[in-house]
Amino acid sequence: MNAPALHPSIVALVSLAANIASNHPKQGLCQVDRLKGYGVSQEHIDAVIEIARHIRDEAGETLDFSFDQAMSGTASPVAEGEACCTPTASGQSCC
């Protein structure tokens, strides 16, 4: 059984977020134009951009912390029960 195709606006939102979160050189700019063409509000586009940037920044901070711990010989596993993500500065949930 095949799942129904995702609406093009959902694909563009996912692609935009992935491009930003992965530091892709194209940054998802063509998706922004598509999203506007699909009638997605600027507020929704801005929220996706904020969440993607937050995830990207959080990943970098986590990697830097792990690297620093390994370099200092104090590496420890992630604490059990630790939140999988934190909200963005404006309170957007990334989970």
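Modeller: Contact here means heavy atoms within 4.5 Å. This is a predicted model, in which local features need pLDDT of at least 70, side-chain atom pairs count only at pLDDT 80 or more, and totals for chains, interfaces and linings use all residues. Residues are numbered from 1 along each chain as its sequence is written, and side-chain values use heavy atoms, with hydrogens and water left out.

Colleague: Which residues is Val48 in contact with, leaving aside its neighbours within four places in sequence?

Modeller: Val48 touches Leu13, Leu16 and Ala17.

Colleague: At what angle do helix α1 and α3 pack?

Modeller: Helices (H or I, at least four residues) are DSSP runs, numbered from the N terminus. Axes are lines fitted to C-alpha atoms, for helices over the stretch in contact, and angles run from 0 to 180 degrees between N-to-C directions. Helix α1 (residues 8-21) packs with α3 at about 35°, and their axes are 8 Å apart.

Colleague: Which residues in α1 and α3 meet?

Modeller: Leu13, Leu16, Ala17, Ile20 and Ala21 in α1 meet a set in α3 that includes Ile45, Val48 and Arg53.

Colleague: Which residues form the largest nonpolar core?

Modeller: A nonpolar core is a set of buried (under 20% relative accessible area, 1.4 Å probe, protein chains only) Ala, Val, Leu, Ile, Met, Phe, Trp, Tyr and Cys residues joined through side-chain atoms within 4.5 Å. The largest has 10 residues, among them Leu16, Ile20, Val32 and Val48. Its largest share, four residues, comes from α3.

Colleague: Where does Ile55 lie?

Modeller: Ile55 is in helix α3 (residues 42-72). Ile55 and Thr86 are 31 residues apart in sequence and 8.8 Å apart in space, C-alpha to C-alpha.

Technical notes: Helix = DSSP H or I, 4+ residues; strand = E, 2+ residues; numbered from the N terminus. Buried < 20%, exposed > 50% of the residue type's maximum accessible area, 1.4 Å probe, protein only.
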